[in-house]
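Open the model in your viewer and keep the selection panel at hand.

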Amino acid sequence: MRYEAPTTTKEAANLIAEEKGEACVLAGGTDLLVRMKTGLSEPALVVDIKHIPAMQDVKTTDSGTKIGAAVSGSRLNANKKLKKAWPGVVEAANLIGSDQIQGRATMAGNLCNASPAADSVPAMIAAGAKAVVVGPNKRRTVPVEKIATGPGKTSLAKGEIVESINLPKRTGKSGDAYLRFIPRTEMDIAVVSAGVNLTLERGLVKTARICLGAVGPTAVLVQKAAKAIIGSKLDDESLDKMAEACSAACNPISDKRGTVEYRTKVAGVLAKRAAKIAFKRAGGKQ
Amino acid sequence: MTGTLVNTTVNGDAVQFACPTDESLMDALRDRVGLTGVKEGCGTGDCGACSITLDGELVCSCLVLGVEANGRNIGTVEGLADGDKLHPLQEQFINHAALQCGICTPGFLVAAKALLDKNKNPTEEEIRYALAGNLCRCTGYDKIVRAVQAASKDLRKKK
Amino acid sequence: MTHDQSFTNQKFKLVGSRVNRPDGVDKVTGRAKYGADASAAGQLVALFLRSPHAHAKIKKLDTSRAEKLAGVKAVITSADLPDHTNGAQLDVLENCMARDRVLYDGHAVAAVAAIDKETAKKALKLIKVSYEKLPHVTDVDEAMKPGAPLVREDIFTRGIDPKPTEPSNVCKVSTFGHGDIETGFDEADVIIEKSYKTEQTHQGYIEPHACLASVGPDGNGELWVTTQGHYTYRTVCAALLGMDMAKLKVTSSEIGGGFGGKTHVWIEPIALALSRKANRPVKAVMTRDEVFKASGPTCSTSMDIKIGAKKDGTITAGSAHIRYQDGAFRGQWGQLGAMTAFACYDLKNVQSVGYDVLVNRPKVAAYRAPSAPMAAFGVESTMDLVADAIGMDPIDLRIKNAAKEGTRASYGPTYGPIGIGPTLEAAKNHPHMRAKLKKNQGRGMACGFWFNFGGQTCTDINISADGTVNLTLGTVDVGGSRASMSLICAEELGIPYDQVKANVADTSSLGHNDTTEGSRGTFSSGMATIFAAREAIEEMKERAAQTWDIPVEEVEWVEGEARAIGQKNDNLPPLTLKDIAARAAATGGPIAGHNEVVADGAGVSFASHICDVEVDPETGGTRIIRYTVIQDAGKAINPDYVEGQFQGGAAQGIGWALNEEYIYGDDGRLQNAGFLDYRIPVCSDLPFIDTEILEIPNPNHPYGIRGVGETSIVPPLAAIGNAVSNAAGVRMTHVPMSPPRILQAIEEAEA
Amino acid sequence: MQVNLTGSLRSCANGAEVVEIDACTIRELVSKLLETFPEMEEQMELGIAVSIDGEIYRDSPSKKLPVGSEIFILPRLQGG
C-alpha cells in the first residue's frame, strides 16, 4: 500500500485519479481503518488529506461557515461561534463515536463514507449545507444530500474529493437540532435519527427542513414533514402531522440494529422532539 | 517486511521505527517500539484499550496508521508517571480498587488524563461520558469513576 | 498433614481490611504482561482460516499453495493433528480445528504460521476450501422440532426411557426435584404459567485469547497464555497433542478478563502444533471478531415456568422446563440450569427438567454462574406474577418461601446455613426500597443462587532470610486474589501485609491447581494458604525451640513471633519471624510451608438485587436509575474487591438484560461479532452500583469464606425484567429487553 | 444406604429416584453404582459430584459416607 500526504487538494485529487487500484482518502480514518482491519478494503493507495491547509480550516465569512474536510469533531466542539450558529450540526458531529473517535473523525468523512446512519449527515442536510468537491480538473459545489447515493456509494467521480462543507450564514430567528436513537448512551450507530432546522417569523415557523437518518438507503429529506409545521407555532396537531409525514417517508430495513416497524415509529418521535428543541433554540414559544 | 521509516516523539523521547504503511499505530507501538501498555481489545475503535494521545488529542491508536505518526508527539500510559512518582490518576486507581483484570486500565488512564487536562473539575456525568469510549468488563465502572473524581480533587489541590 | 477446615470464628487483624493490590503499580504503568504482550526471538505469527458457513461438509481442503509461499513455516489442518476418533478429547480437538465438517460460522479450518502478519494473511488467501453447504439450525426451539437439521448424526438423547433409536439435536434431558407437582398444583389457589426466552451472550472480556507457544523436536514445550487455568490448559493440550505433561510448561500471563470464557482451550493447541511443526515460537492472538465467533459464549434459552401458590403466599408447586443450546458440541448447561432454577426456595413439590440442545453456533463455555441467570429470569419473573395475582408484595412472597438451613434444595441435598433469607430481609429494609419513583420509572427485585465449588489446590510459602515471604499460588488471579491471599498469609504468620509477595507459579513450579472457576479462587487457595502458613509456623516453632534448646511443646506462635511458654522460660525473649528467618541457615536450612488440598465444601451463595429503571414509552429505551446488590460473602477478605465482584457481575447482568445478544442471520452467520453491535454497557449507561456485603460464615472454611465471584450475575436479568415490566406496564418475557422489543410489547399491550 | 439420583442418572436406573447401595466411601459408591447400572458410565465420565449431608464433593473419592447420611449423586458442577 502506498501512503501519500500531499499538501494541496489538487495534488490529492490527481494522485487518486491516477491510481489504477483501489485509492482511498484518509481523513480521520475512523471508518477506513476499520474497513482495512476487517479486510473489507485493501487500498493500493491511501491519500492522507490532513496535511492540506485548506482542509484544516474553519472559516466564517459573510456567506457562511466553511469547514475543512479534515477538521475533527473535537475541533468543531471547541469552536464556540460555530456551536452557537449551528448547535444541531455540531451536536450531530460530536455524537459520532467516543472522545477518542472525536479526536479524528470528520464530517466530510462521515458524509463520504455514505452510511445511511451517519450522524452528521441529516443535520447537515437539514442545515442546507453544501459540499465543495474538487476533482483533478474542476471544482463544484453540491448540496450535501447529493453526495451519498446508497449505502457506501457516492456520486463522487474517481479523483473527486470533498474539500469542505459549507454551512449557510445564520440570519434572524433560527435554530437547529439533531437527535438519534441508540440503545446505549454512547458508542452506538444510530438506529434512527432526525435533524431539524427551522426559522421563525413572528413566533411562527417560517421555513423548515427535516431530514431523517437510518430509515432508507440514504438520509431522507422529508418535505411533507417540513410543510406540516411551516406556519405553525409547533402545536401538537402540526407536530403529529409532521411525525406522520416522517413515518410515511421511511423506507427502512430490519437489521441487527432495529426493525422496520421500530424505525418507522421512532423516526416520527425523534423528529418531533428535535423540532421542539430547534424551535426553542430559535426563540420560539410553544 | 517492507517498511517506511517513521520519526516520532513518544512520551518525550525521540523514537524511530519502521513499519508497513498499512500497519496501525497500535501495532507499531506494541510490536516495534515495545510499548505493550497500549492494549488491543478490538482493533476497531470500539473499546478504547489502545488509547493514546497524538499531539495532545485523545485517539484510539488502532485507528491511526503508524506512518501518520511521523513528526507527531505520542503519549502513552508508560509516560504518565513522573519518574518514580505515579500520576494522581494512577495512585487513585490503585487506592480505589478501580481495576480488576487491568487490561482496560492503561486506556482508561490515558482517557481520564485527557479529560482532566481539559476539565479540572468534571461532574460524574461528564466523567461517565468522557470515558464512554473505554470498555471495562470487570468493575461496572463504579470504582473507576470514583478514582477519577478523587484524582481530579488531588490535581486541583496541587495547583 | 491434614488440617481441619472447619470455621473457627477467629478474630482478624488484617483480613477484612482494604489494602492495595500487589499488582497495582504494574497495571497502572502498562508494565503488566498479558497474553499478547510476550515475544520470543524468531517468533512466527499464526492466523486462522475460519468457516464462512454455519454448517457444511469440507469437500476439499488444499493448502499446498500456502505452504509454498515464501515466509510460511507451517500450515495445520485437522489432518496434521493426532486422530482422537472415539477418544474423550475428540470434541475439544474438533472444536479447535474442524475435521470433515464445519459446524458453525467461524469454525477453524486451517491455521498458518508465517514470519509476519502480512505473509500469514497472504497464505490464508491461498488455502482453497470447497464446501458443500448443509442445512443449519441456530435457534434452540427450532433445533428441537422433529425434522430439524441435525447438527450431529451420532447424538441420541440421554436421560429418557426408553432409549431413543433416532438421532436428535437434544443430547440430554435431566430431571431434578422432589414431591409431587401435580398434587402441589391441585392445592394452589393461583397458578401462573409463562414462557420466556433469553438470547446468547458472550463473557466480553476485553483481552482476546492470546498465547505464545514454543515446542522443540525434543518434546519440550512452553506456553505463555491468557487463561483462568494454566494447569488445565496443560492437561488438555498435552492430551490433544500427545505431549508429556511434565515437559510442557504453561505460564499464565496476566489475564484480561475471563468470566468462564478462558476455562477452555481454543487456539492454544493449534499454536503449539504450529510451533512443533515449524520448530519456532508461534504467537497467536484472536481478533475480536474471532473471539465472538469462535470462543465460547453462553447459551441462548427458551423455557416454560409454572408456579402455584395459595392466597397466603405459600408456594405449593413449581415446575420448569428449560431448553438450553450448547452450541455445536455436547454440554451440560441445560442440566445445570435446571439444578439452579428453584434453588432459592423451600418447596414441597418441585420439578425442573433441563434439555441440552445442539445448534450450529460456537461451542458454549462457562459464563459466570453458568446457566443460572437465565433460569432465574424465568422463575423470578414468574414469582412477581404470582405476587401480583395474590396481591402480595413480591419481596414478602420471596421471604415467605425462602430456603433456609435444613431446607431440601430443589436440586436435591439439604442446605446448611445459607444466606437467602438474610439477603431478602436486607433488601426489604434497604432505603432503596423506599425511594420515590418518578413517571415512567419502575422498580424490580430478584434473588439468585450459585453453588460455588472448591477443587484441587496446591500452595507454597517460602520464607526469605530477611523475613519477607514468597507466597506461591497456582490459581490464576482473575479479580485481585493475590491481594486476598497475601492478606490471609500475613494474617496467619502475624506479619505486615506488605511483607508478603504473592506470585502465580507456572505449571512446573507447583502441583496441579484446578482452574480459577466456580468462584473457587479465594475459597480454595485461601484454604491452602492458611494451611501452608500453619505448616511454616510449625517449622518456625521447631527452629525457635532449637535456638532456645527447649522442647517445641514449650513454644507458641503469637502475633508473628515465637514465644517460649512457662515460667522457666521467662528469660527467653520472643523470636520474631524475621529473627528466625535470619538464623534459618544455621537451624536446618530454608523454611517453607506447603499445602495441597481438595477444597470441597464450598458454601452455596445467594444474592438479592434491587433495580430502578426508567423506560421511554415512545422509544422503548431504558436507563438504569439505581441499582443495589446484596450478597452473602461468607467472609469478605478484601471488601474492595468483593464489592468489585458484586458490581462487575451486576453490570454484566445489566448488559445481558438490556442489549447484549448474538444476532444470527437466516444464513446462520453471526451478524454482530464486534463491540460496536454487541453492546456491552459503557460508563455512561450505568449509575454507581450500591453494595451490601453480608457475612454468613461457611462452616467448611476456617475463615468462613464462600466464593463471591459469580452469584452477582444471577439476579440482574430478572430484577431488571421486573423493573422494566413495572415501568412499562407490560410483562417482558424476552431477554435482552432491547428498545424494539420493549416498544413492541408496549404497543401490543395497548392494542 | 439410600442414594438419591438426580438428572439424567435416573433414566439409567429405570427411572428410580432413590436406590439402595451399601458403600463406605464415595469411591465404593461409584463403583457399585456402575456395577448395578452400567448405563451410568457415560454420565460418570462427564463427571459427577456427591453430596453428603448437604456438602458437595467433587474430587474426594476417599470421603467416608457416614451411616444414615443423606447422599445425592449430582452432575459435576461447572463454573465461570
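How much area is buried between chain C and chain D, and what percentage of it do carbon and sulfur atoms give? About 2700 Å² is buried between the two, and carbon and sulfur atoms give 51% of that. Buried area here is the accessible area (1.4 Å probe) that two parts lose on being put together, summed over both. This is a predicted model, in which local features need pLDDT of at least 70, side-chain atom pairs count only at pLDDT 80 or more, and totals for chains, interfaces and linings use all residues. Residues are numbered from 1 along each chain as its sequence is written, chains are lettered from A and ligands numbered from 1 in the order in which they are written, and side-chain values use heavy atoms, with hydrogens and water left out.

**Chains C and D**

Select the residues in contact (heavy atoms within 4.5 Å). Chain C brings 45 residues and chain D brings 29 residues.

Next, pick C:Arg158 and D:Glu42. Their side chains form a salt bridge at 3.2 Å, N to O. The term covers a side-chain nitrogen of Lys or Arg within 4 Å of a carboxyl oxygen of Asp or Glu. Between chain C and chain D the count is 3 salt bridges.

Helices (H or I, at least four residues) and strands (E, at least two) are DSSP runs, numbered from the N terminus. Strand 7 (170-178), helix 10 (333-340) and strand 17 (455-463) of chain C each supply at least two residues to the side that touches chain D. Strand 7 of chain C gives the most, with 6 residues.

**Around chain D**

No contact joins chain B and chain D; their closest C-alpha atoms lie 13 Å apart. Chain A has no contact with chain D either, with closest C-alpha atoms 26 Å apart.

**Chain B**

Finish on chain B. Of the 4 pairs of chains that touch, chains B and C have the most contacts. Chain B holds 5 helices and 5 strands. From the N terminus, its elements run β-β-α-β-β-β-α-α-α-α.
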